[in-house]
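Dear colleague,

I am handing over the structure we spoke of, with the sequence alongside, and my notes follow directly below it.

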Amino acid sequence: MAKEAQLQVSYTVEELVAVNPYNPDILADLENFVNEQVSSQKYSLDANLCLLRLYQFEPERMSTPIVARILIKALMAMPAQDFSLCLFLIPEQVQSEEQFKTLIVLSHYLETARFRLFWDEVAKNRSLLESVPGFQQAIEAYAVHVLSLTYQKVPRPVLAEAINKEGLALDQFLEYHVANSGWAIEKSQGRSQLIVLPPNEFNHPELKKNASDSVSFEHVTRIFPVLS
């Protein structure tokens, strides 16, 4: 009977968070759920924030390995601001531990798009970061997102540095995105390849819809009597 109850809880952690997020009895279930997110490559910010808040009330029960996994998963969710939300709930004395200082530095490098420094720091801390599957792929996706906001055509060396790939690995990465993401490769003599990225409202400002264009004159004239 107890085993059945435990299994039921493991499938309803997010529901428990929604019903009673300040119940300390679910703390262990939330910790298990963090490990489940890591192993299954899923993610629940609400559940992780709930666990960090419970740790604030019961600091003696805090598991620093669990907190580290939460922060790594939050890094993987960029450009969302999940990392900052989680960090706000972690005591300063915990943040001063070496592994958390490393994660904070990595977050700063990502936010400022200093990808070479980011990957250099990752290389020094592989034991910490490789414990969470999908980390490399998530950061690659974020780097591509950042480049797509800036470039219409990104030079191959710039892309290589941002995603930390070279040679055959980079060729395979490009082949995949040409086939699946609408990328194109532009070759020119005497210059490196240029990767043509799909147009969006950031790298092609003319695609950005002006809010005023969507408001008809008739609609404006109906507003004027209300304002007068």
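Three strands make up an open sheet in the order β1-β3-β2, with antiparallel pairing, where strands (E, at least two residues) and helices (H or I, at least four) are DSSP runs numbered from the N terminus, and two strands pair if DSSP finds at least two bridges between them. The edge strands, each pairing on one side only, are β1 (153-155) and β2 (184-186), and the twist from one strand to the next averages 30 degrees. Between β1 and β3 (residues 194-196) there are three bridges in the antiparallel sense, and Lys 153 stands opposite Val 196 in β3.

This is a predicted model, in which local features need pLDDT of at least 70 and side-chain atom pairs count only at pLDDT 80 or more, while totals for chains, interfaces and linings use all residues. Residues are numbered from 1 along each chain as its sequence is written, and side-chain values use heavy atoms, with hydrogens and water left out.

Elsewhere, Val 38 lies in helix α3 (residues 27-40) and is buried, with a relative accessible area of 8% (buried means under 20%, exposed over 50%, partly exposed in between, with a 1.4 Å probe and protein chains only). Leaving aside neighbours within four places in sequence, Val 38 is in contact (heavy atoms within 4.5 Å) with Arg 69, Lys 73, Ser 131, Val 132 and Pro 133. Val 38 and Arg 69 are 31 residues apart in sequence, yet their C-alpha atoms are 7.6 Å apart in space.

Best wishes

Key
Axes are lines fitted to C-alpha atoms, for helices over the stretch in contact, and angles run from 0 to 180 degrees between N-to-C directions.
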